[in-house]
Amino acid sequence: MGHATLSGEKVSAEVDVLIVGAGPTGLYAAYYAGFRGLSAALVDSLPEPGGQVTAMYPEKRIFDVAGFPEIKGRDLISGLVEQADRYEPTYLLGRYATDLTADSEGLLVGLGDGSAVRAGAMLITAGIGEFTPRPLPAGNGWLERGVVHFIPEIAAHEGRDVVVVGGGDSAFDWVLALHPVANSVTLVHRRARFRAQDGLIREVERLDVPLITGAEVVEIRGDEHRVQEIELELSEGDTKVLRAQTVVAALGFTAELGPIAEWELELDKRSIKVDTTMRTNRDRIYAAGDVASYSGKVKLIATGFGEAATAVNNIAVELNPSARLFPGHSTNTG
């Protein structure tokens with residue numbers, strides 16, 4: 001499938017479709033590629049599938065996925081992995097897609113570990129790209145000792161005193177998730193007003209969780225193993241000490257496309273422009289999910305699922321012009 005080479009790189013997989021990003025959209029694309037009879041590989045910088053959902057809110061309840069009145073993030077990802085695994089995609093996790101070379105027969109994508117993947121086409125489902133949590137200034141040196149940005153296992157904080165620092169949706173989501181298991185939960189925000197949705201704020205207020213505004217964390221204290229307490233500086237100049245064995249720094253994150261931005265794709269800020277087939281300005285390269293941009297775009301998980309199916313169906317035709325764009329309904333395949 002082509003003779004492109006990248007100096008010093010060993011081809012670790014050869015597939016019809018390389019999916020860059022193993023979040024919900026990428027996982028559904030892997031299923032749909034298999035449904036269309038295409039071999040697929042997924043590459044992702046994170047060590048496990050699920051993208052932002054796994055890394056940022058595995059315990060968060062999601063309400064806007066069709067067919068589920070509500071579903072936890074981790075359960076959604078588990079179902080998507082099971083669905084994709086029916087067609088045995090190749091997972092290349094904990095690796096970045098770095099270099100891209102194309103010739104008349106296909107693509108060669110170099111990975112950060114020195115390996116490479118040959119593919120007939122590529123579907124970029126990289127979400128918001130590479131994201132980096134904003135640090136808590138006073139938390140320097142306390143990561144892995146009680147200061148966290150995300151909580152993969154809510155139950156691990158059972159019986160602890162937890163302080164959540166932040167004022168956006170994610171901060172309130174963590175409060176709601178932790179409240180049933182923690183000994184206490186307190187939310188601290190440096191401004192007087194919150195950025196979170198009104199509905200989330202009202203839900204937390206009904207729990208009678210302490211909400212401390214106009215306050216900053218100025219010091220974290222504990223032993224060599226774990227945080228024990230934090231000191232706040234209040235807007236009026238006073239200080240306040242809170243017990244805490246867990247401090248959740250929910251301060252948002254920065255995001256960049258990373259090496260993808262150097263692939264000569266037409267961009268719209270941090271998104272990739274696509275047409276109605278999800279095709280980019282480059283042959284054999286498509287994009288779907290939050291990373292894809294077009295007029296009227298609505299960034300929802302549900303939207304990404306539809307875009308993934310559209311992209312894969314059009315990839316199937318590009319790789320085999322005799323193929324039908326619409327393959328029929330999955331219910332007809334047994």
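1. Is Ile 212 buried or exposed? The model is a predicted one, in which local features need pLDDT of at least 70 and side-chain atom pairs count only at pLDDT 80 or more, while totals for chains, interfaces and linings use all residues. Residues are numbered from 1 along each chain as its sequence is written, and side-chain values use heavy atoms, with hydrogens and water left out. Ile 212 is buried, its relative accessible area being 15%, where buried means under 20% relative accessible area, exposed over 50% and partly exposed in between (1.4 Å probe, protein chains only).

2. Once neighbours within four places in sequence are left aside, Ile 212 is in contact with Thr 186, Leu 187, Val 188, His 189, Leu 232, Leu 234, Lys 240 and Leu 242, contact meaning heavy atoms within 4.5 Å. For Thr 186, which is 26 residues away from Ile 212 in sequence, the C-alpha to C-alpha distance is 7.6 Å.

3. On the overall fold, the protein has six helices and 22 strands. Its radius of gyration is 22 Å, close to the 20 Å that the globule rule gives for 334 residues, so the protein is as compact as a globular protein of that length; the radius is taken over C-alpha atoms, and the rule is 2.2 Å times the number of residues to the power 0.38. Taken along the principal axes, the C-alpha atoms fill a box of roughly 70 × 45 × 35 Å. Of the 334 residues, 49% count as buried, and among contacts between residues at least 6 apart in sequence, 60% join residues at least 24 apart.

4. Helix α1 (residues 24–35) and helix α3 (residues 73–85) have axes that come within 8 Å and cross at roughly 25°, the axes being lines fitted to C-alpha atoms, for helices over the stretch in contact, with angles from 0 to 180 degrees between N-to-C directions. The two helices are therefore roughly parallel to each other, a description that applies to angles under 35 degrees, with over 145 counted as roughly antiparallel, 65 to 115 as roughly perpendicular and the rest as oblique. Pro 24, Leu 27, Tyr 28, Ala 30 and Tyr 31 of α1 make the contact with Ile 77, Leu 80, Val 81, Gln 83 and Ala 84 of α3. By class this contact has nine nonpolar, one polar and no charged residues, where Ala, Val, Leu, Ile, Met, Phe, Trp, Tyr, Cys and Pro count as nonpolar, Asp, Glu, Lys and Arg as charged, and the others, Gly among them, as polar.

5. Helix α1 also packs with helix α6 (residues 301–319), at an angle of about 35° and with the axes 8 Å apart. On the α1 side the contact is made by Pro 24, Thr 25, Tyr 28, Ala 29, Tyr 32 and Ala 33, and on the α6 side by Ile 301, Gly 304, Phe 305, Ala 308, Ala 309, Val 312 and Asn 313. These residues divide into 10 nonpolar, three polar and no charged.

6. Ala 288, in the loop between β21 and β22 (292–293), is buried with a relative accessible area of 0%. Beyond its neighbours within four places in sequence, Ala 288 is in contact with Thr 25, Leu 123, Ile 124, Thr 125, Glu 307 and Ala 308. The C-alpha atoms of Ala 288 and Ala 308 are separated by 5.7 Å, although the residues are 20 apart along the chain.

7. Helix α4 and helix α5 (residues 198–206) pack at an angle of about 30°, with their axes 10 Å apart. Asp 169, Phe 172, Asp 173, Val 175 and Leu 176 in α4 meet Leu 200, Ile 201, Glu 203 and Val 204 in α5, and by class these are six nonpolar, no polar and three charged residues. Asp 173, placed in α4 (residues 169–178), is buried at a relative accessible area of 15%, and apart from neighbours within four places in sequence it is in contact with Lys 60 and Leu 200.

How values were computed. Helices (H or I, at least four residues) and strands (E, at least two) are DSSP runs, numbered from the N terminus.
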